[in-house]
Amino acid sequence: MTAPDSRPAPGLLARALKKVGQLTSPETRSGKVFTKAERGLTQVAARLAESPTFLRVSGGLMRRGFTLQIRRTSLMEKTLHSLRVPTSSEVDSLRDQLRRMGDQVEALGSQLEHVVELLERQEQPPAASASTTNTVSPTLTPPPEPEPVPRRRRSGQAR
């Protein structure tokens, strides 16, 4: 027994769009009704958008909705705080602090790499003086150079 194919039949979308086109075409009866209804609704929406009463009522409803959302969020954070569970704002704050700290560590790593490069350049004697230094005291050997540590990049971060 095979599972039914979840893909629509080929051409189903094209047939659906063609049917919608026929229903909304200005030449058909349904298209004329659709056009008339669309014009009426557009006029009503334009009048509502300019109505001070509608704007005042909708603004009041939006204000009440936002106030309710603020109160709900505050109540939720107080509840979580009393249960000693970190709230979303605390988690966001910690995430921001951690991101800043990571950036600072990365900057410090870059600065340390630069300092190591400068120190390596100072330790290397010029070619002419190196041959005379080695011939004067053959028992002294320069210390081995430290191997550079490859720098790890954080995944997903572009420069």
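**Exercise 1. Describe how helix H1 and helix H2 pack in this predicted model.**

Solution. Take H1 as residues 12-24 and H2 as residues 29-50; helices are DSSP runs (H or I, at least four residues), numbered from the N terminus. The two pack at an angle of about 70°, with axes 5 Å apart. Axes are lines fitted to C-alpha atoms over the stretch in contact, and angles run from 0 to 180 degrees between N-to-C directions. Since 65 to 115 degrees counts as roughly perpendicular, H1 is therefore roughly perpendicular to H2.

Next, list the contact residues (heavy atoms within 4.5 Å): H1 gives Gln22, Leu23 and Thr24, and H2 gives Ser30, Gly31 and Phe34. By class, two are nonpolar, four polar and none charged. Here Ala, Val, Leu, Ile, Met, Phe, Trp, Tyr, Cys and Pro count as nonpolar, Asp, Glu, Lys and Arg as charged, and the others, Gly among them, as polar.

Residues are numbered from 1 along each chain as its sequence is written. Local features need pLDDT of at least 70, side-chain atom pairs count only at pLDDT 80 or more, totals for chains, interfaces and linings use all residues, and side-chain values use heavy atoms, without hydrogens and water.

**Exercise 2. State the secondary structure of the chain.**

Solution. The chain has five helices and zero strands, in the order α-α-α-α-α from the N terminus.

Definitions and conventions:
Parallel < 35°, antiparallel > 145°, perpendicular 65-115°, else oblique.
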